[in-house]
Amino acid sequence: MRALILAGLAGAAMMAAILVVVAWVWLWAGGFDPRASSPSRWAPVALDIALKQRIEAADARLGPPPASNDRRAVIGYRQYDAECAACHGAPDAPRALWAKSLNPQPPDLTETPARLSPKALFWLICHGVKMTAMPAFGVQRTDDEIWDLALFVRALPTMKAQDYQRLRATYGPAPKPFALTPDAACLRGD
Ligand code: HEC
C-alpha cells in the first residue's frame with residue numbers, strides 16, 4: 001500500500017515537472033506575445049474570469065456606499081481630472097491619444113453605461129488590475145477618497161460636458177497630485 005502511494009506521488013511529481021518544462025518551452029518559443037502592439041487572445045479571457053469572481057466577492061462583502069453629495073462630487077472630480085481622464089476620457093475631452101495604444105485599452109468611462117456597481121468600482125479603483133495600465137489607487141488614497149471616485153465614475157456616463165466644465169471653472173484644473181495619503185484600509189482585504 002505504502003509503495004503504491006509513493007509511486008502515485010512520484011508520478012504526480014513527474015507530471016508536474018513535465019508541465020513546467022512544456023510551459024517554459026511554450027513561452028520561450030513565443031507562445032505568449034508580450035507586445036502591446038499585437039492583439040491579445042488568452043490573457044483578456046483569463047483576466048475577465050479572475051476579475052469577475054473577485055468583483056462579485058467584493059460586492060457581497062463590502063458595506064453600502066456612502067450617499068453622494070456635492071462635496072463628494074468635487075473631491076471625485078478633482079481626483080478624476082488629475083489622474084484618470086487621460087486614460088478614461090472626460091465628458092468634455094476624449095482619452096489621450098497614447099491611451100488608445102495601451103493593451104488592453106482603457107475603456108472610455110464616459111461612454112460605458114454604469115455596468116459596475118459603486119462597490120465594484122470602489123474595489124477596482126483600490127486594487128487596480130494586474131498586467132494592465134490600471135493602477136492600484138489604494139496605495140495613495142484613503143477609503144473615503146476612493147468612494148468619492150467610485151461615485152463620480154458612476155455618474156460620468158450621464159454627466160453633460162457643460163457640467164464637467166462648470167466643475168473645472170469653479171474648482172480649477174485639478175492639482176497634481178491631488179493628495180498623497182498612503183495605504184487605504186481597502187488594501188487590507190481580498
Ligand atoms: C494609465 C492608464 C490608466 C489610468 C491613469 C487609470 N486607468 Fe482605469 N483602467 C485602465 C485600463 C487599461 C483598464 C482596463 C483593465 C482591464 O482590461 O481589465 C482600466 C479599467 C478601469 C475600470 C474598469 C472599467 C470596466 O468597465 O471594466 C475602472 C472603473 C477604472 N479603470 C477607473 C479608473 C479611475 C477612477 C482612475 C483614476 C483614479 C483610473 N482608472 C486611472 C487604465 C488606466
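User: Which residue just after α5 takes a positive phi?

Analyst: This is a predicted model, in which local features need pLDDT of at least 70, side-chain atom pairs count only at pLDDT 80 or more, and totals for chains, interfaces and linings use all residues. Residues are numbered from 1 along each chain as its sequence is written. Helices are DSSP runs (H or I, at least four residues), and strands are too (E, at least two), numbered from the N terminus. Just after α5, a positive phi of about 65 degrees is taken by G128.

User: Is α5 largely enclosed or largely open, and why?

Analyst: A residue is buried if 20 or more other C-beta atoms lie within 10 Å of its own, exposed if 12 or fewer, and partly exposed in between, with C-beta atoms placed from the backbone. In α5, 8 of the 10 residues are buried. Among them are F122, W123 and I125. Because of that count of 8 of the 10, α5 is largely enclosed by the rest of the structure.

User: What covers the buried residues of α5?

Analyst: Contact here means that the C-beta atoms of two residues, placed from the backbone, lie within 7 Å. The buried residues of α5 include L121, L124 and H127. Their cover includes α2 and α6.

User: Which element gives the most to the shell around the ligand?

Analyst: Of the 25 residues around the ligand, C84, C87, P104, P106 and M134 come nearest. Elements giving two or more residues to this shell include α2 (43-61) and α6 (143-155). The most, 3 residues, comes from α5.

User: Which residues touch the most other members of the largest nonpolar core?

Analyst: A nonpolar core is a set of buried Ala, Val, Leu, Ile, Met, Phe, Trp, Tyr and Cys residues joined through C-beta atoms within 7 Å. The largest one has 28 residues. I146 touches F122, I125 and C126, among others, not counting residues up to four places away in sequence. The residues that touch the most other members are F122, I125, C126, I146 and A150.

User: Is D163 buried, exposed or partly exposed?

Analyst: D163 lies in helix α7. Around D163 there are 15 other C-beta atoms within 10 Å. That is why D163 counts as partly exposed.

User: How far apart are the C-alpha centres of domain 1 and domain 2?

Analyst: Domain bounds come from an automatic or database domain assignment. The assignment gives domain 1 (1-32) and domain 2 (43-188). The distance between their C-alpha centres is 42 Å.

Methods. Near = placed C-beta within 6 Å.
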